[in-house]
Amino acid sequence: MSKLRLAIVGAGPAGIYAADILLKAEKDFDVSIDLFEHLPAPYGLVRYGVAPDHPRIKGIINALRDVLDRGDIRIFGNVRFGTDITLEDLQKHYNAVIFATGAIRDADLKVPGIELDGSYGAADFVNWFDAHPDVPTTWPLNAREIAVIGNGNVALDVARMLAKHADDLLPTEIPENVYQGLKASPVTDVHVFGRRGPAQVKFTPLELRELGELNDVDMVLYDEDFDYDEASQEAIATNKQIMVIDRVLQKWRKEPQEGSSRRLHLHFYANPEEILGEDGKVSALRYERTKPTGFGGVEGTGEYREVPVQAVYRAVGYFGSPLEQIPFDEARGVIPNRGGQVHDINGDQIPGLYATGWIKRGPIGLIGATKSDAMETIENVLADRATWWTPEAPEEEAIPALLEERGVAYTDLDGWHRLDEHEIGLGEPHERARIKVGHRGEMIRISRDEPAAE
Ligand SMILES: Cc1cc2nc3c(=O)[nH]c(=O)nc-3n(C[C@H](O)[C@H](O)[C@H](O)COP(=O)(O)OP(=O)(O)OC[C@H]3O[C@@H](n4cnc5c(N)ncnc54)[C@H](O)[C@@H]3O)c2cc1C
């Protein structure tokens, strides 16, 4: 074989890193890579997950753009695997495919009352504040007191975005509708609930520290949460990250409240039991106080408490979605695989199919982790050369021809540049990094350089 034709589905960091690593790998054959992306713009959760007030992380987009701009990867945006392009298509045109489809929806939280009006998933809120093109542009922000369930970075992102004053978000790429929505929010208290103790949290020190830097927001901690058991003391003594987290929390405990107009409460050892409602609307969160087991876990104490809230956001993790004709592990929300090699329910490897990123390993970990993930997957792709598919139509022109024949309005790299420049231009007069276009049709129109409708 003189050329590997590879399809990658998903242009988030995992898909783009996989392409980059493969192109740089030592090999004795040529490679041509096509990236298929459901959205009209690339970068996955870096664009549609990372909060707008995290410009340093959003800046990873520059490194990902450099990979695409090198010119040896084609990108087909607004193309959904499963409808616009199928597994049979890929088998006909490529030697192998890597799925890098990530995770976009909230994991379930099975507590009574979760269906009440005012109970939301973090992913939906994140989609709204990051201008995802497939969600409504309005978000109900009418609660004065809000509960956020979860103790990971997404929970902190959600709590921060809810508590932060909208004007402090203005220099970021926050969309105008989001600014207006947050500006009108009557919120005074945001309560974050973690089932375990301060020494068992999943969030990272940087994200925690940021909460204390919010203008006109007081941090509220509760002394009863800091009576550490031996396992917690050991975690603080031996784990640098936990040590720093403890230091930050202890500092806040000592600081006097400043009488700010908003408060952000951190509750630990609080296991949500039920969302209570009145007239179908959220009215309170009922939780059971927990206590450490002595082995790093917690158990219920039988003591129940209620905090009045008018909205509840669950930030208990993202979850992958199944892809048509591809095996899926319903329990873990991933494509079953070993080192990225996809296998069927009997554990047998399926030739030609690979996975990387969050859909390979589950929705945990920072963007950097998708790079090491991609390295492992690419190593296995290269090692499997003998079992790759033999495509009947490997010509590069076949793909745009197929999409055009099907009437798929795909976007390409030039189109992305056009949209990128357009968004940056929209932001300039307002001294904002960019203003995202949040309407799919409009994104496609600008990318494809088509005239606006009369
Ligand atoms: C709210 C939030 C905040 C975060 N903040 C940070 C942070 O500050 N710092 C950090 O390092 N990490 C952060 N992360 C984690 C980071 O976003 C992930 O580690 C990373 O995005 C995972 O990359 P991925 O490529 O596997 O998935 P994704 O980024 O989800 O990309 C998957 C891509 O596949 C596409 N796709 C899905 N299905 C199909 C289909 N059927 N056909 C075609 N395309 C499809 C999607 O549209 C998407 O573009 C955050 C995550 C979330 C959820």
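Student: Why does Y43 count as buried?
Tutor: Buried means under 20% relative accessible area, exposed means over 50%, and partly exposed lies in between, with a 1.4 Å probe and protein chains only. Y43 has 0% relative accessibility, so the residue counts as buried. The model is predicted: local features need pLDDT of at least 70, side-chain atom pairs count only at pLDDT 80 or more, and totals for chains, interfaces and linings use all residues. Residues are numbered from 1 along each chain as its sequence is written, and side-chain values use heavy atoms, with hydrogens and water left out.

Student: Where is Y43 found, and what is its phi?
Tutor: Y43 is in the loop between β2 and α2; helices (H or I, at least four residues) and strands (E, at least two) are DSSP runs, numbered from the N terminus. Its phi is positive, about 90 degrees, although Y43 is not a glycine. Y269, also not a glycine, has a positive phi of about 50 degrees. Y269 lies in the loop between β10 (262–267) and β11 (270–278).

Student: Why is Y269 called buried?
Tutor: Its relative accessible area is 3%, so Y269 is buried.

Student: What makes α7 largely enclosed by the rest of the structure?
Tutor: Of its 11 residues, 10 are buried, so α7 is largely enclosed. Among the buried ones are N153, D157, R160 and A163.

Student: Which residues are the closest to the ligand?
Tutor: The closest are A14, E37, L45, F81 and W358, within a surrounding set of 33 residues. A residue is near a molecule or strand if one of its heavy atoms lies within 4 Å of it.

Student: How much of the ligand does the protein cover?
Tutor: The protein covers 94% of the 1000 Å² of accessible area that the ligand has on its own. The elements giving two or more residues to the shell are α1 (13–24), β2 (30–37), α2 (44–48) and α7 (153–163).

Student: Why is the pair of Y120 and W139 called tilted?
Tutor: Rings of Phe, Tyr and Trp (its six-membered ring) pair if their centres lie within 6.5 Å; planes under 30 degrees apart count as stacked, over 60 as edge-to-face and the rest as tilted. By this rule there are 18 aromatic pairs. Y120 and W139 have ring centres 4.9 Å apart and planes at 55 degrees, so the pair is tilted.

Student: What does the pair of Y120 and W139 tie together?
Tutor: Y120 lies in strand β6 (residues 119–121) and W139 in the loop between α6 (122–129) and β7 (145–149), so the pair ties together parts 19 residues apart in sequence. Y120 counts as buried at 13% relative accessibility, and W139 is buried at 16%.

Student: What makes the pair of F125 and Y313 edge-to-face?
Tutor: The planes stand at 65 degrees and the ring centres are 5.1 Å apart, so the pair of F125 and Y313 is edge-to-face. F125 is in helix α6 and Y313 in strand β14 (residues 311–314), so this pair ties together parts 188 residues apart in sequence. Both F125 and Y313 are buried. Ring pairs link Y120, F125, W128, F129, W139 and Y313 into a cluster.

Student: How do you know that T204 is buried?
Tutor: T204 has a relative accessible area of 17%, so T204 is buried. T204 sits in the loop between β8 (189–193) and α9 (205–212), and a polar contact of 2.4 Å joins its side chain to that of E207.

Definitions and conventions. Accessible areas come from the Shrake-Rupley method with a 1.4 Å probe; for residues, only the protein chains shown count as cover. A polar contact is a pair of N or O atoms within 3.5 Å; within protein, one must be able to donate a hydrogen and the other to accept it, and residues adjacent in sequence count only if both atoms are side-chain atoms.
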